[in-house]
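Here is a protein to look through together. Have the sequence and the model open, and let's take it one question at a time.

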Amino acid sequence: MSMNTIGAKLRSKSADSTSSPLPDILPDVNPITGPAIDLYEDGYNDPVYQAKARILNRAIQDIGMGRYQWYLFVVTGFGWFADSVWPLLSGLILTPVVNEFHFNGPFLSLASNIGLLVGAVFWGLGCDIWGRRWSFNVTLFIAGIFGLASGGAPSFVALASLIAMVGIGVGGNLPVDSAVFLDFVPGSHQYLLTILSIWWCLGQLLSSLVAWPLIANYSCASASDCTKSDNMGWRYLLFVLGGITLSLWAVRFFIFTLLESPRFLSGIGRDADAIEVIHKLAKFNGKTSSITVEELEAPDRAMSGGRSPSGERYKILSKSSKYDTGHIKALFATPKMAWSTSLLIAIWGIIGLASTLYNNFLPYLLSSRGAAFGDGSLYVTYRNQVILSVIGVPAALLAGWAVELPYIGRKGTLAIASGFTGAFLFATTTAQTSNQLLGWNCGYVFFSNIMYGVLYAISPEIFPAKDRGTGNGLTSTASRVFGVLAPIIALYANLATAVPVYIAGALVVFAGSIALLLPYEPRGKVSI
């Protein structure tokens with residue numbers, strides 16, 4: 001049954017209803033986004049869910065952008081922060097850890113990416129089964145606890161194992177947190193999901209600022225006779241970042257109360273709970289909402305010929321709470337959705353391979369090439385890392401502005417930023433001095449932060465809320481799978497040559513060109 005058929009039934013029944021009139025959920029001009037109704041205005045495989053999502057979207061838009069959403073901007077930003085800090089960490093501590101434990105460097109990145117892969121799969125798919133709140137409140141706790149413990153690692157095997165456990169927590173942050181934020185933000189403010197990447201930049205900056213004095217002043221000069229007592233800098237760094245992550249978890253758990261996603265609740269048949277959440281949201285923002293359970297159940301009645309929907313409640317961790325292929329199949333339900341999902345997975349995988357290959361070994365690359373230029377000290381290396389981290393902050397703000405530009409939108413911004421990112425990667429191979437290399441890397445970091453800001457936003461915007469965690473999990477998994485391959489490639493590649501840079505640059509440019517083929521453009525439309 002099409003959306004138009006359901007809409008006609010709803011409108012005809014609303015005239016005879018003894019309850020308050022049902023809203024016309026299929027107007028010619030939508031009050032949320034203008035002429036465009038939603039991202040799936042040309043049809044969706046689950047018209048009942050789509051009709052309910054539109055009703056909930058209108059209610060959230062009527063409430064507007066208020067205190068709750070701005071608080072949510074902060075606490076979900078903690079997930080971006082953690083996703084930046086911990087994957088970057090394996091690069092920041094690589095040199096002193098290799099000096100102390102004498103192992104092949106890429107193995108540390110491999111351990112981190114395996115953990116991130118497991119986390120992306122488990123938490124991404126899981127939050128569509130047991131809800132957002134559990135995942136949201138647990139991921140940072142896991143990262144903080146094991147991050148602290150890794151600072152006391154007595155061997156490389158222990159360190160790699162603990163870093164992998166950190167990755168299991170961190171890997172779930174972006175799939176879950178982007179879904180959480182998009183579930184509550186009004187359609188008029190969806191661009192803020194792109195600007196959330198500013199927390200990613202702040203994570204880079206803070207970790208680099210902390211690493212600079214600690215690793216520069218408390219590390220062995222070389223691998224010869226490097227003892228634990230002379231090489232405490234990387235341990236101090238892990239203690240500090242682990243403590244910060246635990247503090248962020250405490251803010252989430254003890255200070256902020258996350259409401260469950262109303263679209264998730266409605267998608268599993270808990271319409272009354274979804275309406276309760278909407279009213280709690282309105283109250284927190286100092287507003288009121290007139291939405292009723294009868295309005296949200298209207299699409300069900302239209303499909304069931306006027307019968308009331310079943311009152312059976314969904315129970316967390318019940319027989320229906322299990323991993324299956326239902327959420328995955330829903331993302332490939334139509335040829336257009338299948339094409340879109342496949343392209344997003346490909347883009348994430350390609351960029352994941354290129355960026356992990358380059359970023360995880362950037363401090364080593366700067367140090368080794370700086371040494372060739374005569375200035376490869378730890379102090380200069382981590383000073384440069386701080387400079388690169390600062391560059392990313394304005395990039396996040398520019399990305400939020402660019403995605404709303406007519407004729408460019410999300411797809412255009414992603415393609416342009418990817419092209420410039422690849423170009424600056426190629427340019428680094430021409431550097432004749434350390435400062436030239438730093439300059440090219442500044443351009444790379446600036447545009448790569450725009451690229452990632454858009455990529456982190458466009459995927460959850462395209463996926464429907466009832467399957468958004470699964471979709472985010474699939475794309476993150478693709479990124480992590482190829483992220484695992486990157487250090488394996490690095491084990492056999494000569495990082496002193498420009499070959500890895502050429503490969504990374506070509507992959508990023510290719511991914512940007514694929515973005516233009518996406519069949520959905522979220523600009524000016526509201527997600528369902």
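Leu485 sits in helix α21 (residues 468-492), where helices (H or I, at least four residues) are DSSP runs numbered from the N terminus. This is a predicted model, in which local features need pLDDT of at least 70, side-chain atom pairs count only at pLDDT 80 or more, and totals for chains, interfaces and linings use all residues. Residues are numbered from 1 along each chain as its sequence is written, and side-chain values use heavy atoms, with hydrogens and water left out.

Q: Is Leu485 buried, partly exposed or exposed?
A: Buried means under 20% relative accessible area, exposed over 50%, and partly exposed in between (1.4 Å probe, protein chains only). Leu485 has 36% relative accessibility, so this residue counts as partly exposed.

Q: How many disulfides does the structure hold?
A: A disulfide is a pair of cysteine sulfur atoms within 2.5 Å. Cys220 and Cys226 form one, with their sulfur atoms 2.1 Å apart. The number of disulfides in the structure is 1.

Q: Which handedness does the link of Cys220 and Cys226 have?
A: The angle about the S-S bond is 90 degrees. That makes the link of Cys220 and Cys226 right-handed.

Q: Is Cys226 buried or exposed?
A: Its disulfide partner is Cys220, and Cys220 counts as buried because its relative accessibility is 8%. Cys226 is at 11% relative accessibility, so Cys226 also counts as buried.

Q: What is the relative accessible area of Cys442?
A: Cys201 counts as buried because its relative accessibility is 0%. Cys442 is buried too, with a relative accessible area of 17%.

Note on methods. Helices (H or I, at least four residues) and strands (E, at least two) are DSSP runs, numbered from the N terminus.
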